[in-house]
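Work through the exercises below with the sequence and the model at hand. Each task is followed by a solution in steps.

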Amino acid sequence: MASALVLLVLACHAPPPGERRAEPSGNAEDLTAVLAEADRIPNSSGWFEVLRLPHRVYAFWEPGHAEKVNAFLILGSRTDLLYDTGMGIASLRSTIDEVREAERLPARDLLVVNSHNHLDHNGGNREFATVHTVDDPWARRRLQLGVPAGEAGGFVAYWADLTPHPGVVPPAQFDPQTHAIPPYPLDQVRYLTEGQRIDLGDRKLQVLRTYSHSPDGVALFEPGAGLFFGGDAFYGANYLVTDLAALAVDLRRIERLPIRWHYSSHGPQLITAMQQGAHLATVERMLAGDGTNTTTSFAGFSFPMRELDGVRVTLARELLLY
């Protein structure tokens, strides 16, 4: 994203907790300004950087790890929704409680949704009595297995992949050699279905299944405000997928959605809305044989990658379906 521009002038009085009044056009420069100007909410975790974003959304960012993953708290009038539980390196539940107090947010029921069941998105599940996913065999297996500590889990180097970020350090008790994700009981899992509407009171989010990054992908779309939470199926021009044809199917399904605000699960929390419409045409050309075949490294492995017109698609089925 480009360097920050000056935001639209705000009204004299501060907006209500969790709300922003600026309405950027959606181009990269305006979104960069929104993120640069977003209030950071102090918390004692030392690990999460918490941003108050437009439309009563809070991002719980983990920039101290190479994944730089985001979990999102979406406020409703009756129920709040947590989209992902992060890596489990620090307590997300405690940090949410601190933010509620600091922002004077009322205590409400919390509905927890896993965008999918990779370890950087469900690592904090153990802190919540119920989580929602889709009824998929791979998802159930991942929840039941968790990720064991040490070499048995195969993720020691992954957990150790920390990156410097101002003011962010892992908790003192975090040790890549012993960090694990415990199994999550299936009797505490609730299942979402394609097209289901999640009612938070004054806002409703539509469930959209995705399959290209993992078979259990859940994207959320709020039609009224044009908000979109795409998980790892959609977070920029670099796609990490199990199958190129599956990516084209996912892109077709969201091509005509009137998305105005795209909340990204990795890196910058807001990205240019609906760039995937242009990406679909590029991916279809890739399926027809266009593009350059190269390789790329991720998590210590080498994978084939197709590049065309600024779009990069890494084919990493073995990694993604661990």
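**Exercise 1: a pair of strands and their sheet**

Solution. Strands here are DSSP runs of E with at least two residues, helices are runs of H or I with at least four, and both are numbered from the N terminus. Two strands pair if DSSP finds at least two bridges between them. The model is predicted: local features need pLDDT of at least 70, side-chain atom pairs count only at pLDDT 80 or more, and totals for chains, interfaces and linings use all residues. Residues are numbered from 1 along each chain as its sequence is written, and side-chain values use heavy atoms, with hydrogens and water left out.

Next, the sheet: it is open, has 6 strands in the order 9-10-11-12-14-15, and its pairing is mixed. Strand 9 (197-199) and strand 15 (270-271) are the edges, each pairing on one side only. Helix 5 (residues 244-254) packs on this sheet and touches strand 10 (204-210) and strand 12, its direction making about 155° with that of strand 10. Contact means heavy atoms within 4.5 Å. Axes are lines fitted to C-alpha atoms, for helices over the stretch in contact, and angles run from 0 to 180 degrees between N-to-C directions.

**Exercise 2: a hairpin**

Task: state how many residues lie between strand 16 and strand 17, and which turn residue has a positive phi.

Solution. Start with the pairing: 7 bridges join strand 16 (residues 292-298) to strand 17 (residues 301-308), and the two run antiparallel. Ser-297 stands opposite Ser-302 in strand 17. The strands form a hairpin with 2 residues between them, and Ala-299 in the turn has a positive phi of about 55°.

**Exercise 3: Val-112**

Task: decide whether Val-112 is buried or exposed, and list its contacts away from its sequence neighbours.

Solution. Val-112 is found in strand 6 (residues 109-113). Its relative accessible area is 2%, so Val-112 is buried (under 20%; exposed is over 50%, partly exposed in between, with a 1.4 Å probe and protein chains only). Leaving aside neighbours within four places in sequence, Val-112 is in contact with Leu-82, Thr-85, Phe-128, Thr-130, Val-131 and His-132. As for Phe-303, 191 residues away along the chain, its C-alpha atom is separated from that of Val-112 by 33 Å.
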